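I opened the model to look up a few things. My notes follow in the order I took them.

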Amino acid sequence: MSEALIVIDVQNDFCPGGALGVEGGDQIVPILNRLQERFETIVLTQDWHPADHRSFASQHQAEPFSTTMMPYGEQVLWPDHCVQGSEGAAFHPELDTDRAQLVIRKGFRSSIDSYSAFFENDRSTVTGLAGYLRERGIERIALAGIATDFCVAYSALDAVKLGFKVRVVEDASRAIDLDGSLAAQMKEMRGAGVTITTSDTL
Ligand code: VGL
Ligand code: ZN
C-alpha cells in the first residue's frame with residue numbers, strides 16, 4: 001500500500017488541560033489507534049520547541065493569541081507549549097506509538113515556527129519528511145491530529161504542493177479555531193484538492 005498515515009502533534013499540551021489545550025483533543029486518540037491498523041507506513045509528528053522559542057508570547061511580552069511580524073511574515077504568538085523533553089511535549093499516554101516508523105520533530109529552531117510537517121513557517125526550511133516518504137515509494141497520505149486548522153492544514157497544503165495525493169480525516173482531528181481559522185483552512189484545503197474524509201469511510 002502506497003498510502004502513509006501521518007498523525008500530527010497528538011501531544012499532552014494540545015489536549016484538554018495542556019498549555020495549548022484543544023477541545024476534544026483527547027477524544028481522537030482511540031480513533032487514531034484504530035486508524036493505524038489500516039496502514040503499513042505510519043509517521044508521527046511532535047511539536048518540539050526550545051524554551052525560548054520565538055512563537056511564545058512570553059518571549060515578546062505579548063498576550064497569547066496576539067500576532068507579531070517575524071522575518072518570514074505574520075506569526076501567531078502562543079502560550080509556551082511543547083517544550084523539548086517536557087511532559088507537555090510527550091505524546092498523549094494512550095496514543096499507540098509502537099507501530100510508527102518515524103517521529104518527525106518540528107519547531108526546534110528558536111527563530112522559526114513550524115506548523116507543517118514538511119516546511120517550517122519560512123516556507124523554505126525542510127523537515128526531510130518529503131524525502132523520506134518518496135524514498136519509501138509513498139504517493140498518497142492520510143493526515144489527522146491536532147490542530148486541523150494549523151499543523152494539519154499546513155501539512156496537507158504542503159503535501160499537495162509536493163505532489164502527494166492527500167486526504168484529511170476530519171473526525172480524527174480537532175481544531176483551535178482562532179478568528180474563523182477552521183472555516184478558512186477547510187476552504188483552502190478543499191480548493192487545493194485535499195479530500196476531506198471520515199475514519200469510517202477510509
Ligand atoms: C500547533 C500552534 C502552535 C499545531 C503547533 O500543532 O497545530 N499550533 N504550535
Ligand atoms: Zn508550536
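Entry 1, the ligand. I looked for polar contacts (N or O pairs within 3.5 Å). A backbone N or O atom of Ile146 sits 3.3 Å from an oxygen atom of ligand 1. For Cys151, a backbone N or O atom is 3.1 Å from a ligand 1 oxygen atom. Asp9 uses its side chain: an N or O atom there is 2.6 Å from an oxygen atom of ligand 1. I then checked the cover. Ligand 1 has 260 Å² of accessible area on its own, and the protein covers 100% of that. Areas are Shrake-Rupley values with a 1.4 Å probe.

I also listed the surroundings, taking residues with a heavy atom within 4 Å. Among them are Phe14, Asp47, Trp78, His81, Tyr115 and Phe150.

Ground rules, for my own reference. This is a predicted model, where local features need pLDDT of at least 70 and side-chain atom pairs count only at pLDDT 80 or more, while totals for chains, interfaces and linings use all residues. Residues are numbered from 1 along each chain as its sequence is written, chains are lettered from A and ligands numbered from 1 in written order, and side-chain values use heavy atoms, with hydrogens and water left out.

Helices are DSSP runs of H or I with at least four residues, strands runs of E with at least two, numbered from the N terminus. Helix 4 spans residues 181–192, twelve residues. I get 16 Å from first C-alpha to last, close to the 16 Å expected at 1.5 Å a residue (1.5 Å times one less than the number of residues).

Which residues of helix 4 are buried? I find Ser181, Gln185, Met186 and Met189. They share one side of helix 4, because their arc around the axis is only 130 degrees (directions from the axis to the C-beta atoms). Buried means under 20% relative accessible area, exposed over 50%, partly exposed in between. The face turned away from the buried side carries exposed Ala183, Lys187, Arg190 and Gly191. The buried residues pack against helix 3 (148–161), strand 7 (165–174) and strand 8 (195–197). Gly193 follows helix 4 with a positive phi, near 100 degrees.

Thr148 is in helix 3. Its relative accessible area is 5%, so Thr148 is buried. Contact means heavy atoms within 4.5 Å. Not counting residues up to four places away in sequence, Thr148 touches residues including Leu182, Met186 and Met189.

Terms used. Buried means under 20% relative accessible area, exposed over 50%, partly exposed in between (1.4 Å probe, protein chains only). A polar contact is a pair of N or O atoms within 3.5 Å; within protein, one must be able to donate a hydrogen and the other to accept it, and residues adjacent in sequence count only if both atoms are side-chain atoms.
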